[in-house]
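I opened a new structure today and kept notes as I went. Here is what I looked up, entry by entry.

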Amino acid sequence: MRGLLTLAALSLGPMQAQAAFPGALTIRFLDVGQGDAVLITSPEGKSVLYDGGRSEPRLQTLLRQYEVQSLDLVAASHADADHITGLIPAVTLYKPRFFLNNGLAGTTQTWRKLVTAAQQAGTQGLVAKDQIINLGSVKLTVLAPPPGMPRTEQNLNSVGLLVQYGAFRALMTGDSETPETAGWLKKYPAGTLGPVEVYKSIHHGAANGDNAAWLAAVRPKNVVVSVGPNNYGHPTATALNLYKSVGAAVWRTDQMGTVTITVQTTGAYTITTEKGRAAQGQAVGSSVSPPPRPVPTLPSAPTPVAPSSLSYANCAAVRAAGKAPLVRGQPGYSTKLDRDGDGRACE
């Protein structure tokens, strides 16, 4: 049984860019303009980039601004340019092990450039299916396109991600449209999809994305609209009224900049934005049952960081091994090397 969310508005000044918080789940809805890019970092320091926005320089700047050290996986909700362009520098710079996508090749030069970058990086492709990927202590449930979606429509074959960390849940579903969300509602029983503490607005708040039946199942407490200057009218009044009707707080990257959610093991979470708005919440209760027909964790998927006997005599040894800084939870980390106790040793 899930508990109730409590939100309390805070008045904080502008937030400075920071690396992910050690020991906490961090989800950043990056301000990439008109497009989607979500950076997920587990308490153990493992990271996933879900979409990359439409600008290579912009995404590269953001990854460096937030001190991203590595990417274990990149995921494309679908192959449209405002979702995959920034994945090109991400793959080139970080050489992630896996690239998750819907299995439908794009028809653009951008798609071909991304595929070439992935091949050169040695990144392995993963076609979305019902699967669970362990990102350290964070569980990522992949929502593959439901059966019957036309293979010529990228939006209708968007790949979703349900992020679970204890009782906390966040959901992202790319640029899905009503036929796809209707398919998911048929596939998954009530209570599987929602409620969620944080939800990414479908298709930047387009009128053909979110709908009443879908939101009644998802039951979002907070909706993040990833949007920038555009000629499409995003976010539409239709979408904003829907979010209001379910009582969700709305966070917009075009007005607030990057939106960051930090989740503690207790289920307590904080939402902050680049331009100063903030709130706190609490996910209470047991985790909701996983979707039907779950499959075991992929043998080749990112695995949790196992306890390790690896130790370093001092920071000189850490640096010589090319491992500095060590984040709490990584092999070799120890409090004796973390003199200021901030969870980052040998900085």
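Before anything else, I noted the burial cut-offs: buried means under 20% relative accessible area, exposed means over 50%, and partly exposed is in between (1.4 Å probe, protein chains only). I also reminded myself that this is a predicted model, where local features need pLDDT of at least 70, side-chain atom pairs count only at pLDDT 80 or more, and totals for chains, interfaces and linings use all residues. Residues are numbered from 1 along each chain as its sequence is written, and side-chain values use heavy atoms, with hydrogens and water left out.

**Salt bridges**

I searched the whole structure for salt bridges (a side-chain nitrogen of Lys or Arg within 4 Å of a carboxyl oxygen of Asp or Glu) and got 6. I wrote down three of them, starting with Lys46 and Asp72, whose closest N and O atoms are 3.5 Å apart. This pair links distant parts of the chain, 26 residues apart: Lys46 is in the loop between strands E3 (38-41) and E4 (47-50), and Asp72 is in the loop between helix H1 (56-65) and strand E5 (73-75). For those labels, helices (H or I, at least four residues) and strands (E, at least two) are DSSP runs, numbered from the N terminus. Are the two partners buried or exposed? Lys46 counts as buried because its relative accessible area is 15%, and Asp72 is buried too, at 14%.

Next I looked at Asp130, which forms a salt bridge with Lys187 at 3.0 Å between the closest N and O atoms. Here 57 residues separate the partners: Asp130 sits in the loop between strand E7 (124-127) and E8, while Lys187 belongs to helix H5 (residues 178-187). Asp130 is buried, with 16% relative accessible area.

Arg252 is buried at 16%, whereas Asp254 is partly exposed at 28%.

**The open sheet**

I then followed an open sheet of 7 strands, in the order E8-E9-E10-E11-E12-E13-E14, with mixed pairing. Two strands pair if DSSP finds at least two bridges between them. Which strands are at the edges? They are E8 (131-135) and E14 (249-252), each pairing on one side only. Inside the order, I checked E9 (residues 138-143) and E10 (residues 160-165): they run antiparallel and are joined by 5 bridges. Thr141 stands opposite Leu162 in E10.

**Strand E15**

How many residues of E15 (residues 259-263) are buried? I found 5 of 5. In a regular strand the side chains alternate between the two faces of the sheet. On one side of E15 I see Val259, Ile261 and Val263, on the other Thr260 and Thr262, and all are buried.

I looked up the neighbours as well. Strand E2 (residues 25-29) pairs with E15 in the antiparallel sense over 5 bridges, and Arg28 has Thr260 as its bridge partner. E15 and E16 make a hairpin with 4 residues between them, and Gly267 in the turn has a positive phi of about 95°.

**Gly106**

Last, I picked Gly106, in the loop between strand E6 (98-101) and helix H4 (109-121). Gly106 is buried, at 17%. Leaving out residues up to four places away in sequence, Gly106 touches Ala79, Trp111 and Gln154 (contact means heavy atoms within 4.5 Å). Ala79 is 27 residues from Gly106 in sequence, yet their C-alpha atoms are 5.4 Å apart.
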